[in-house]
Amino acid sequence: MFQSQYYQQIFAQHQLDGFEPLWHKQIAWFEEPNQRRGGWSGVGQLILPSDSGELNVFVKKQQNHGRRTLLHPIKGEPTFRREFERLTFLAAQQIKAPKVVCYGEQKIDNQACAILATETLLGFEPLDVVTQRWFSVEQKTRLQKRQLLKTVALTVRAFHHSGLVHRALYPKHLFVKNAEIQPEVAFIDLEKARFSWLFLYRAYFDLAALNRHAEYWSASDRLYFFLQYFQVPALNKTLRFIIRQIIKRSARR
């Protein structure tokens with residue numbers, strides 16, 4: 001269940017080193033749990049003091065909340081299982097995302113339950129919060145904006161080159177740290193992420209969603225982002241066509 005002895009020891013200090021103790025631990029939800037897929041799913045936060053400092057974690061719990069897949073066409077599988085697998089994969093690819101603390105599945109009172117705990121991305125902010133502040137209020141320099149856009153573009157490109165499509169790539173699902181100095185970008189909410197054979201499909205699907213929700217980006221910001229993502233100094237005829245299709249999809253509601 002726990003991804004390291006370090007994590008298990010800290011949870012053990014708080015009598016939470018097992019599935020059932022953690023399941024029954026009362027955690028304040030950030031918002032009311034989602035009631036769908038025949039069950040529920042919610043997230044809260046735990047701060048666990050230890051001899052080596054505080055461990056700040058997000059704890060996601062779900063009950064009878066799954067989706068059918070090719071490998072599990074009848075009973076389905078917990079949606080957190082896919083997120084756990086994607087987070088583990090991204091860690092191996094050295095692409096920034098929340099670090100898995102523990103993952104487990106168990107039947108409790110004949111109900112299918114799952115828990116996913118990850119380290120909180122301390123010091124990170126959602127990209128939409130940063131760009132709203134930067135692009136509409138604080139008016140950062142052109143160089144600072146472009147440094148941030150370039151880092152976001154290259155991080156998303158690396159994510160796509162790993163074979164994944166996020167399928168919900170909104171600015172609120174990209175978290176940024178040290179935005180003014182040396183930006184770092186991390187991905188969250190990977191429940192819907194899946195592997196796809198076609199790079200252009202991954203770009204088309206995710207960049208359309210990102211472009212649609214990037215409210216504070218100007219036309220020149222968007223062009224610069226696309227140039228950095230495709231790693232070209234200028235758009236050729238083929239890329240112009242591809243970007244037009246991405247923008248066309250962005251306009252769908």
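A cavity here is a set of points, on a 1 Å grid over the protein atoms alone, where a 1.4 Å probe fits but cannot get out. Its volume is the space filled by probe spheres set on the points, with points joined across faces, edges and corners.

This is a predicted model, in which local features need pLDDT of at least 70, side-chain atom pairs count only at pLDDT 80 or more, and totals for chains, interfaces and linings use all residues. Residues are numbered from 1 along each chain as its sequence is written, and side-chain values use heavy atoms, leaving out hydrogens and water.

**View 1. The largest cavity holds about 30 Å³ of space.** Searching the whole structure turns up one cavity of 30 Å³ or more.

**View 2. Seven names around the hole: Leu-207, Leu-210, Asn-211, Trp-217, Arg-222, Phe-225 and Phe-226 line the largest cavity.** α6 and α7 (219–230) are the elements that give two or more residues to this lining; helices are DSSP runs of H or I, at least four residues, numbered from the N terminus. Lining residues have an atom within 4 Å of a point.

**View 3. Helix α6 (residues 199–213) meets helix α8 (residues 237–250), their axes coming within 8 Å and crossing at roughly 50 degrees.** That makes α6 oblique to α8, since angles under 35 degrees count as roughly parallel, over 145 as roughly antiparallel, 65 to 115 as roughly perpendicular and the rest as oblique. Axes are lines fitted to C-alpha atoms, for helices over the stretch in contact, and angles run from 0 to 180 degrees between N-to-C directions.

Methods:
On a 1 Å grid over the protein atoms alone, a cavity is a set of points where a 1.4 Å probe fits but cannot get out, and a pocket is an open set with protein on both sides within 12 Å along at least five of seven lines; lining residues have an atom within 4 Å of a point.
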